[in-house]
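Please read them with the structure open beside you.

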Amino acid sequence: MEKTKKMARVSLHTCKLELSRTIINRVHIIFHFIAILSLLYYRASYIFNNDKSVPILLWGLMAIAEIMFTFLWIFTQAFRWRPVARTVFPENLPADVELPGVDVFICTADPTKEPTIEVMNTVLSAMALDYPSDKLSVYLSDDGGASSTLSAIKEACFFAKSWLPFCREYDIKTRCPEAYFSKFGDDERVLRSDDFKAEEEKIKSEYELFKVNVEKAALEGSVENDRSAYVEVIHDDNSKDRESDDNKKMPLLVYVAREKRPTRPHRFKAGALNALLRVSGIMSNAPYIIVLDCDMYCNDPASARQAMCFHLDPQMSRDLSYVQYPQIFYNVSQNDIYDGQARAAYKTKYQGMDGQRGTVCAGTGYYLNKKALYCSPGQEDKILNEADIKFGSSMEFIASLISSNNVDTFEMKKLSKAVIEEAETLASCDYEKDTQWGKEIGYSYDCLLESTFTGYRLHNKGWRSVYLYPKRPCFLGCTTIDMKDALVQLIKWSSGLLQVGLSKFSPMTYGLSNMTILQSLCYGYFTFMPLFSVPCLIYGIISPLCFLTGIPLFPEVSSSWFAAFAGVYISSLVQHLYEVVSSGGSIRTWWNEQRIFLIKSVTALLFGSLDVLMKWVGITKASFRLTNKAVDQEKLEKYMKGKFDFSGAKMFMIPLTLLVILNTICFVGGMKRVITTRNWEEMFGQAFLCSFILVLSLPILQGLIPRRSK
């Protein structure tokens, strides 16, 4: 009780409504909505008009496209209604307040697509978090079961014995060794002593040897797809005399390769995370976890303490499920032609959703309260009701649920052989049979986007979340640098999300019954976003064809109705430009986002929608597409120069290619007709639309047309 009073007396964080943005957004919503209503009225009034100069089918298709745009636009306004920004003060955490335990979960699946050296850098950065070592545990889930990964984590542990003390003694902020020894760590080397420089050279030599050993092991390792569960404790300070020097203490480090059989359900990343929940429950049993992608390293060691500013706040902790950090990428080029930084999500939508009881779970870089995965807020005393039915037959794991949320009784267990054997049982294929794992317990199996859907279910149960965007990125990762990986990733996301939108869990039905209207609309945008492909295709096909044949689809420029169409279009462009500039972007950023939105709408979003349709009729089954994180130097050079790379993605580009060719032919033929007939006023809207698409497509045409070698 005394500790709670202390926490209540200090300010650990602030939440500020971005008032100017809120006012501008709400005024824009009113103006834009009036223009949309006028536009739709114009479309509808044509049906009752006796003059049918335009075939009703074409007019109806355009009306359907505009209704769908309106439908999706309404969703986006929920993000703009109440954007907030948060600040934390970890220095205000009382020195005598005992910090809770934190388990770090890192998942990897294939060393050929997820380079082992990158995975180990993420492990090392997590081990080096500025958090008490006896309260920190790091678990690596290796779904590939590769011997090279096991060898590499042992090498990482050996190197950590030098790396961690170095970081702590000299207060190094960049604790990912690869990042530190590259240009990213240059600012930490200025004005340092000779002793520091000598120590740094020694550590650098050790790191180079570490890399050689890891790369050598990677050449000999292979993925095993039929294997028993294997758990190995790589480092445990409790297994021997405790290290007296705080700088030399290291967190618990555990390697987990869950059982994998070709004939058993795999459950992909959700299955790996649920296995880690159970294994960690009988080992470290921390009340909080942080989930990291294998290429998303910790860039600020203070992230755990920052997250605890929310989790330890007695006014928030009762119903706070997770603290989400943005995904920031270190390899984004100045052009960022593929919108790898996802500015619209992390600088606009997530902040807006934070003002509606919490943002989506991004799948990496979030600190989560374990009990949120087991029960609803205020129902902690009912966790053990029918425990064996919900959690399985392990008495050790069920016993861990009693103390996992009690900071005062938290203590690392001595990891005996019996504990390791029980952990392997918990990581077996059969353990989840006839339990609630993947249903009501742990990460959900109802969607391939396990974290996003699980976060959605948590919000439905009454939990809330917060979004923190600190000045120094707490986590840095590697974004896609070619069109193929960007599209494959988006197809997976769009397919999974649209399946949710069309299922019994739809935000428009299931969500509205449990969440606020605005939060449901935010989730509605993400789940129905793939439907953008339909109106974009209608506009991109019907409008140019009618321009070619001289069929007017928009009012004449001199007509008062033209103002409605122009108002909607210009209003959308200006709103987008405002959001880009106000979030630190440029005109180039705005233009690139316009272009990549068009590309993704008629390629990845379209294929994602078709994927859902094919699964619905039973043609395909759910599959997990792993993005290739290995760096291709040729692709990297093209990306840095701002050149589109369509190699390997030509099948996905078929709709876009046909659309560009169609618009080119229709623009040439349509302009010839307009010049001959001089009906500029009647055809201006379609001429502008067709030309705008072509301007956006110029660099795409350059990427599609192969150049002759000199």
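1. A salt bridge, as the term is used here, is a side-chain nitrogen of Lys or Arg within 4 Å of a carboxyl oxygen of Asp or Glu. By that rule the structure holds 24 salt bridges.

2. Some ground rules come next. This is a predicted model, in which local features need pLDDT of at least 70 and side-chain atom pairs count only at pLDDT 80 or more, while totals for chains, interfaces and linings use all residues. Residues are numbered from 1 along each chain as its sequence is written, and side-chain values use heavy atoms, with hydrogens and water left out. Helices (H or I, at least four residues) and strands (E, at least two) are DSSP runs, numbered from the N terminus. A residue is called buried under 20% relative accessible area, exposed over 50%, and partly exposed in between (1.4 Å probe, protein chains only).

3. Which residue forms a salt bridge with Arg80? The partner is Glu579, and the closest N and O atoms are 2.6 Å apart. Glu579 belongs to helix H19 (residues 560-582) and Arg80 to helix H3 (residues 56-81), so this pair ties together parts that are 499 residues apart in sequence. Both Glu579 and Arg80 are buried.

4. Arg86 and Asp354 form another salt bridge, with 2.7 Å between the closest N and O atoms. This pair also links distant parts of the chain: Arg86 is in strand E2 (residues 84-88) and Asp354 is in helix H10, 268 residues apart. Arg86 is buried because its relative accessible area is 10%. Asp354, at 2% relative accessibility, counts as buried too.

5. A further salt bridge joins the side chains of Arg305 and Asp130 (3.7 Å, N to O). Arg305 lies in helix H9 (residues 303-311), and Asp130 lies in the loop between helix H4 (116-127) and strand E4 (136-142), so the pair ties together parts that are 175 residues apart in sequence. Elsewhere, salt bridges that share partners join Glu440, Asp446, Arg457 and Lys461 into one network.

6. Now the backbone. Asp339 is not a glycine, yet it has a positive phi of about 55°. Asp339 sits in the loop between strand E10 (328-329) and helix H10 (343-354). With a relative accessible area of 18%, Asp339 is buried. Arg357, also not a glycine, has a positive phi of about 75°. Arg357 is found in the loop between H10 and strand E11 (366-369), and at 33% relative accessibility it counts as partly exposed.

7. Where do the annotated binding residues sit? The "binding site" annotation in the unreviewed UniProt entry covers Lys113, Glu114 and Asp143. These residues are spread over 31 residues of sequence but cluster in space, the largest C-alpha distance being 12.7 Å. Glu114 is placed in the loop between strand E3 (102-108) and H4, and it counts as buried at 6% relative accessibility. A caution applies to such records: UniProt positions are given in the numbering used here, feature names are shortened, and annotations may be inferred rather than shown by experiment.

8. The unreviewed UniProt entry marks residues 23-44, 56-76, 561-578, 598-619, 651-671 and 683-705 as "transmembrane region". In the model, residues 23-44 are 100% helix and 0% strand, with the end C-alpha atoms 32 Å apart. Residues 56-76 are likewise 100% helix and 0% strand, and here the end C-alpha atoms are 30 Å apart.

9. Last, helix H7. Asp195 has its place in helix H7 (residues 194-220) and is exposed, with a relative accessible area of 58%. Glu220 lies in helix H7 as well and counts as exposed at 65% relative accessibility. The C-alpha atoms of Glu220 and Ala146 are separated by 9.5 Å, although the two residues are 74 apart along the chain.
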